[in-house]
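Hi,

Here is the structure I promised to pass along. Have a look at it first, and then read on for what turned up.

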Amino acid sequence: MKERLTKAGRWLGQNRTLCVLMAAGCAAEGLFLLLRQDRAAMDGAARLALAVRGLISGAADLLPFSLAELLWTALGVWLLGMAVVTVRAQLRHRRVLARRLLGLAALAVWIWAGVSWLWGVHYYASGFSDKSGLVAAPVSTEELEATTLWFAEGANRTGRLMERDESGRLAADSAVIMAAGENSLAALTEEYPFLDGPSRQPKPAVWSWFMSAAGFTGYLFPFTGESTLNVDCPNVFLPVTIAHEQAHQRGVAPEQEANFVGIAACLASDDALWQYSGWLFGFLHLSNALYSADPAAWLEAWQLLETGPEADLLWNDEYWLSFEGPVEELAGDTYTAFLESYGQDLGMASYGACVDLLVARYCPLQTA
């Protein structure tokens with residue numbers, strides 16, 4: 001027993017640096033968990049996180065590709081290489097495996113702590129509703145129906161202006177959309193000044209198909225502050241997704257609030273394509289909610305939709321249905337667990353919770 005303790009002590013001494021890094025990472029995450037219910041502390045941490053991400057994303061913005069995607073790829077290759085080297089080394093020395101595992105554990109803890117302090121703080125700081133005064137209050141079926149019909153009319157009006165292919169689907173160049181997305185929230189900052197921030201170019205994902213397989217249209221990488229977009233899926237919702245991710249860049253963390261900001265930014269845009277994307281995306285969320293509340297009213301709303309917008313929605317549905325399976329389900333469950341770890345109890349369902357905000361802001365019965 002004494003000999004084993006001596007060997008363990010000797011091993012810890014030989015790996016003192018890794019042990020210190022592991023302990024420091026646990027302390028950093030522990031401090032976040034301790035302070036996350038303190039709104040003032042989280043507000044300060046959120047401002048610092050915005051500043052840090054702003055500096056890093058400014059440097060990453062100079063690159064024509066997604067630095068975030070490069071780092072993900074490099075990490076995957078490194079882990080694979082480490083696995084191969086460790087298996088081979090294990091044949092010669094058992095202590096190698098323990099050292100490798102300790103190193104990986106320290107890296108994982110620091111990555112998680114980094115995500116918490118660079119991104120997770122926004123879930124506990126003052127959010128969009130706090131700063132805007134726009135409250136996502138419960139809505140009546142009448143209000144929901146009126147807002148859904150209004151969005152259908154907006155989608156029809158702007159949809160008539162769109163160029164379409166032989167199938168009646170939107171014919172738009174994703175590269176042109178991406179190039180126009182450098183400051184997609186600009187038109188919205190007059191109404192919501194706290195959304196102002198540095199312009200950042202959205203980046204196309206090289207691994208877009210794999211993002212589709214996982215069910216993602218885009219993501220913000222906390223360590224570089226970049227928004228990386230899936231350019232493989234139908235691009236009818238690419239403008240609103242760019243605005244959604246840039247809402248994340250400006251510190252709007254909850255998905256329901258980022259969805260609302262993305263739609264509102266598109267509606268405020270001078271570009272008809274961006275307006276169309278916002279109207280149609282808003283209609284999709286509102287009509288899904290209306291179906292649960294009143295199927296007859298939902299049918300009326302869908303019958304109001306013209307062939308162009310309807311073709312684009314069917315195009316989008318067909319694409320994502322082709323990816324349904326265990327990989328997409330696993331990715332969804334993983335992201336749900338991630339959201340819930342930061343107090344987002346709605347999980348992935350929070351993507352549909354922007355409906356209350358849309359009704360609160362745009363219901364024609366309230367603005368009449």
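Which residues does the UniProt annotation "transmembrane region" cover? The record, an unreviewed entry, puts that label on 15-35, 71-89 and 101-125. Bear in mind that this is a predicted model.

I looked at two of those spans. Residues 15-35 are 95% helix with 0% strand, and their end C-alpha atoms sit 31 Å apart.

Now the chain as a whole. It has 17 helices and three strands. Of its 368 residues, 45% count as buried. If you take the contacts with a separation of 6 or more, 78% of them join residues 24 or more positions apart. The exposed surface comes to about 18,200 Å², with carbon and sulfur atoms supplying 62% of that.

One residue I'd point you to is Cys233. You'll find Cys233 in the loop that runs between strand S3 (226-229) and helix H10 (238-249). Is Cys233 buried or exposed? Its relative accessibility is 11%, so Cys233 counts as buried, the cut-off being under 20%.

As for what surrounds it: setting aside neighbours within four places in sequence, Cys233 is in contact with Ser212, Thr217, Tyr319 and Trp320. Trp320 is 87 residues away from Cys233 along the chain, yet their C-alpha atoms are separated by 8.0 Å.

That's what I have for now.

Cheers

Notes:
Residues numbered from 1 in each chain as written. Predicted model: local features only at pLDDT ≥ 70, side-chain atom pairs only at ≥ 80, totals over all residues. Heavy atoms only, no water. Helix = DSSP H or I, 4+ residues; strand = E, 2+ residues; numbered from the N terminus. Buried < 20%, exposed > 50% of the residue type's maximum accessible area, 1.4 Å probe, protein only. Contact = heavy atoms within 4.5 Å. UniProt positions renumbered as here; feature names shortened; annotations may be inferred. Areas by Shrake-Rupley, 256 points an atom, 1.4 Å probe, with all protein chains shown as cover.
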